[in-house]
Amino acid sequence: MATQDEIKFLSNPNIGQKQQKYCRFTKFGLKHVDYKDPDFLIQFINQQGKLLPRRLTGNSLKFQRRVASAVKRARHLAILPFVSDLMK
Amino acid sequence: MRHFEVIFIVDPVLSGDEIKSTAKTYQEILTNEGASIVNVDEMGLKPLAYSINKRSTGVYYCVEFAAETGAFIAKLELALKRDERIMRFLTVRLDKFAVKYNEDKRSGKIGKRIPKDPPSKKLPLDYNSYQPFSNSAPKAAAAEPAVSAPKDVVSESPVND
């Protein structure tokens with residue numbers, strides 16, 4: 001049984017907090033987006049195969065543009081599908 | 001010097017020799033035009049994400065080359081377009097980061113992505129002193145003959161009943 005001093009919060013204080021988003025390219029120093037790597041590009045598309053917006057992925061504008069063009073190239077080469085169901 | 005990359009999908013219905021000769025013809029076109037071939041990546045037979053020309057698989061080839069100008073690329077693409085053995089193709093100009101990336105990939109510095117599998121935090125750090133439940137505590141005590149605790153437990157149990 002916790003004593004009165006140990007009880008500081010009635011609910012978990014971490015619940016309402018938002019996790020800070022970041023651009024994984026600038027953070028980890030990636031400078032090239034490979035359009036031949038579907039396992040990497042799958043992080044930036046949703047279950048229908050649509051591109052995810054920047055507000056969800058957290059990418060910087062520069063790399064969001066490059067991700068978008070890489071996904072479009074991969075679609076042309078049948079590495080990624082144009083449309084799909086339950087992709088992930 | 002400008003670096004380029006041409007990637008094309010060959011029809012898988014052809015025989016193995018035919019597929020190789022198709023890939024070789026385009027390498028010859030490149031060398032005849034004065035481009036130096038940096039690397040030829042045979043990515044092999046791969047499943048397509050959607051069917052092209054009623055085929056569900058394709059043989060991928062990726063040729064990286066360097067040239068002074070990209071003037072002959074229109075010619076190359078026309079040849080690829082007219083070829084019935086080629087299902088799809090794409091020519092891309094590589095920037096310096098892409099060239100570096102391809103070099104690193106060839107030398108094995110860039111591996112496959114490892115899926116995230118965080119170690120479970122529920123297990124305690126000291127495995128020797130770990131006892132899963134309090135139920136197993138009497139058993140452990142019984143295993144040690146020096147402790148006289150089991151006798152006490154036996155004598156106590158009828159009293160409780």
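**Two chains, examined term by term**

Colleague: Why is Asn53(B) called exposed?

Modeller: A residue is called exposed if 12 or fewer other C-beta atoms lie within 10 Å of its own; Asn53(B) has 11 such atoms within 10 Å, and therefore counts as exposed.

Colleague: In what order do the strands of the sheet lie?

Modeller: The sheet is an open one of four strands in chain B, in the order β2-β3-β1-β4, and the pairing is antiparallel.

Colleague: What makes β2 and β4 of chain B the edge strands?

Modeller: Each of these two strands pairs on one side only. From one strand to the next, the twist averages 20°. Helix α2 (residues 73–82) of chain B packs on the sheet, where this helix touches β1 and β4 of chain B, and its direction makes about 165° with that of β4(B).

Colleague: How many helices and strands does chain B have, and in what order do they run?

Modeller: Chain B has five helices and four strands, and from the N terminus on its elements run β-α-β-β-α-β-α-α-α. Chain B has 161 residues, of which 13% count as buried.

Colleague: Where does chain B touch chain A, and how many residues are in contact?

Modeller: The contact is between 13 residues of chain B and 13 residues of chain A. On the side of chain B, two or more residues come from each of the elements β1 (2–10), β2 (36–52), β4 (86–94) and α3 (96–106), and the largest share, four residues, comes from β2(B). By class, this side of chain B has 10 nonpolar, one polar and two charged residues.

Colleague: Which residues have the most contacts inside the largest nonpolar core?

Modeller: They are Val71(A) and Ala74(A), in a core of 31 residues. The elements that each supply at least two residues of this core are α4 of chain A and, from chain B, β1, α1 (16–32), β3 and β4. Apart from its neighbours within four places in sequence, Val71(A) is in contact with Leu41(A), Phe44(A), Ile45(A), Leu51(A) and Leu80(A).

Colleague: Why is Ala78(A) called buried?

Modeller: The term buried requires 20 or more other C-beta atoms within 10 Å, and Ala78(A) has 23 C-beta neighbours inside 10 Å, so Ala78(A) counts as buried. Ala78(A) is found in the segment after α4 of chain A, and its phi is positive, about 60°, although Ala78(A) is not a glycine.

Colleague: Is Gln43(A) buried or exposed, and why?

Modeller: Gln43(A) has 12 C-beta neighbours inside 10 Å, and because exposed means 12 or fewer, Gln43(A) counts as exposed. Its place is in the loop between α2 and α3 (54–57) of chain A. From Asn12(A), Gln43(A) is 31 residues away in sequence and 30 Å away in space, C-alpha to C-alpha.

Colleague: What confidence does the predictor give to each chain?

Modeller: Chain A has a mean pLDDT of 88, with 98% of its residues at 70 or more, whereas chain B has a mean of 81, with 69% of its residues at 70 or more. The model as a whole scores ipTM 0.76 and pTM 0.72. Where pLDDT is low, the predicted coordinates should not be read in detail.

Key
Residues are numbered from 1 along each chain as its sequence is written. Chains are lettered from A and ligands numbered from 1 in the order in which they are written. This is a predicted model: local features need pLDDT of at least 70, side-chain atom pairs count only at pLDDT 80 or more; totals for chains, interfaces and linings use all residues. Two residues are in contact if their C-beta atoms, placed from the backbone, lie within 7 Å. Ala, Val, Leu, Ile, Met, Phe, Trp, Tyr, Cys and Pro count as nonpolar, Asp, Glu, Lys and Arg as charged, and the others, Gly among them, as polar. pLDDT is the predictor's confidence in each residue, from 0 to 100. A nonpolar core is a set of buried Ala, Val, Leu, Ile, Met, Phe, Trp, Tyr and Cys residues joined through C-beta atoms within 7 Å. Two strands pair if DSSP finds at least two bridges between them. Axes are lines fitted to C-alpha atoms, for helices over the stretch in contact, and angles run from 0 to 180 degrees between N-to-C directions.
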